Amino acid sequence: KTKFALDLAWTLDAALKGLRPIPAQRESVAEPLFFELEQTIALIPEARRTKAILERVEFHRQWLKAPPGEFKGWELLKEFRTIQESQEPNEGTVDLFIQKYDALGITGPSRLHSAFIRLLLSVRETAPQTFLSFFRKHGPDAFSQEDHQPTLYKGKTFAPPALRVARALAELFAAIPAKEAAWIIPFLEKGVAYSPELKLLRTLYQISSIQGDRPKCKEYATQLVRQDPNWFKHWEMLADATGDNSSMKLACLSAALLCPVKEPKYHARVVLKWLKSARAAAPSELDANLLKQMHTERLGFSESPSILSALSLLASPVKSSLFKDMDWIPAVIFSRGTRKKGVLEIAFVLNGQKQLARTRLEQHPATIQAKVGDPIAIRIQTGVGRPHVVDVRTRPDGLSWDAVPPIMAEVLGAADIGNGLKVKTDKGVFVLTARRFPEVQQAPPGHHLALRLAINARTKLWEPVDAHFVPMPNGQTANPSM
């Protein structure tokens with residue numbers, strides 16, 4: 001009896017397999033056969049029901065529950081992929097297939113819909129209009145739970161489809177009529193909820209600005225500033241979103257002027273906004289001499305330490321407010337450029353690892369007079385992307401290099417290379433230039449060289465942050481030459 005039931009189950013499975021490509025036969029033939037299959041399985045003792053036949057039962061249950069057009073949808077997808085393998089589909093070809101898919105009337109999240117989302121992502125550059133019309137019609141609620149999860153393909157992990165759609169819509173924003181762009185907001189917000197990327201936030205700001213939604217503009221501009229406070233445009237956007245709050249507008253524009261800008265015309269625009277805002281500010285908020293200096297200097301203000309310090313003071317309240325949840329981290333100045341090449345490198349410890357971060361001298365006037373090795377404190381944004389230095393202040397109570405616990409390198413040999421020492425250690429080979437490390441170019445008798453190292457966050461390599469001579473223990477010889 002059991003053997004007969006198993007044989008009958010496999011016979012019914014084969015019949016259902018043959019009926020699956022014929023949707024018209026589902027209700028009249030396939031569903032009654034599936035009922036018979038379930039009844040037959042019930043006759044088989046539980047211990048004799050094989051895993052293979054149970055999996056076939058579940059397979060048939062799933063396709064019989066699927067919407068009527070789903071099988072045709074999978075066939076369409078297969079046909080499109082066959083074409084895609086032989087040629088790059090153009091806008092017309094993609095649009096034709098999407099029209100056929102939409103004609104099936106499939107709504108709501110499903111594996112098939114998710115497959116068509118991935119298909120459109122693969123052709124978004126060659127069929128941008130079809131891409132836009134598809135998502136405008138179906139909306140963000142058609143994403144399945146799977147569409148919000150990272151995708152693993154050929155050993156590589158890709159961003160969730162919902163985030164990739166948001167990125168693509170942000171890229172295609174310029175192709176959407178400005179007054180009709182509101183429909184992409186929910187897609188972008190879903191993307192930001194997963195990964196608050198600058199491109200998504202900037203697009204949301206632009207749409208909110210078109211709609212005249214100032215509170216939303218302020219919300220998005222605040223997120224932009226917190227993520228990357230080193231781009232003047234983010235501060236300018238926040239200033240534009242503050243409305244009639246003249247003191248905050250002046251503070252934001254002051255912060256914008258402290259940011260490095262390669263194109264003078266952009267600085268000129270912000271300077272004009274700053275002067276207008278400064279003239280509207282209360283006398284108690286602004287030194288009249290600063291207004292006169294800014295009016296006179298215009299684009300030359302970045303060469304004046306006194307103006308930079310005054311701008312830093314004006315920007316301080318808004319920075320304190322925006323970054324108040326970020327702790328001050330002890331740090332030291334690792335290297336600094338000249339006033340014309342004002343790169344400032346800062347050494348600090350984050351999550352137990354020594355790191356280096358870069359910023360600009362003019363952004364943090366408190367460091368303009370500081371020397372290499374001087375103690376400072378910094379605020380770091382680490383939420384998204386690479387760490388950004390958002391604020392710097394002096395730390396007069398600190399000692400040189402005290403914020404970077406030493407990892408001492410054992411010096412195996414050293415050689416004079418004319419402009420410095422080339423030092424071989426157990427951590428690698430380093431060059432100690434005479435300009436940065438003048439005190440270690442000549443070894444005093446009875447001493448050997450000790451290095452303090454930090455990890456460069458950009459190159460991920462060890463770099464010396466301090467070098468000094470220490471007395472040798474009795475009986476020990478000096479470091480050999482290389």
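Me: Where does Arg393 lie relative to Trp328?
Reply: Keep in mind this is a predicted model. In it, Arg393 lies over the face of Trp328, at 4.1 Å from the ring centre.

Me: And Lys100, which ring does its charged end sit over?
Reply: That's Phe97: the charged end of Lys100 sits 5.5 Å from the centre of that ring.

Me: Is Phe187 buried or exposed?
Reply: Phe187 has a relative accessible area of 2%, under the 20% cut-off, so Phe187 is buried. Trp183 comes in at 15%, so Trp183 counts as buried too.

Me: What about Trp235 and Phe323, why is that pair edge-to-face?
Reply: Because their planes are at 85 degrees, and over 60 counts as edge-to-face. The ring centres are 6.4 Å apart.

Me: Which parts does that pair tie together?
Reply: Trp235 is in helix 12 (residues 232-241), while Phe323 is in the loop between helix 16 (305-322) and strand 3 (329-336), so the pair ties together parts 88 residues apart in sequence.

Me: Buried or exposed, those two?
Reply: Trp235 and Phe323 are both buried.

Me: Back to Trp183 and Phe187. Which residues do ring pairs link into a cluster with them?
Reply: Tyr101, Phe116, Phe131, Phe134, Phe135 and Phe143 are linked with Trp183 and Phe187 into a cluster by ring pairs.

Definitions and conventions:
Residues numbered from 1 in each chain as written. Predicted model: local features only at pLDDT ≥ 70, side-chain atom pairs only at ≥ 80, totals over all residues. Heavy atoms only, no water. Buried < 20%, exposed > 50% of the residue type's maximum accessible area, 1.4 Å probe, protein only. Phe/Tyr/Trp six-rings, centres within 6.5 Å; stacked < 30°, edge-to-face > 60°. Helix = DSSP H or I, 4+ residues; strand = E, 2+ residues; numbered from the N terminus. Lys NZ or Arg CZ within 6 Å of the ring centre and 35° of its normal.
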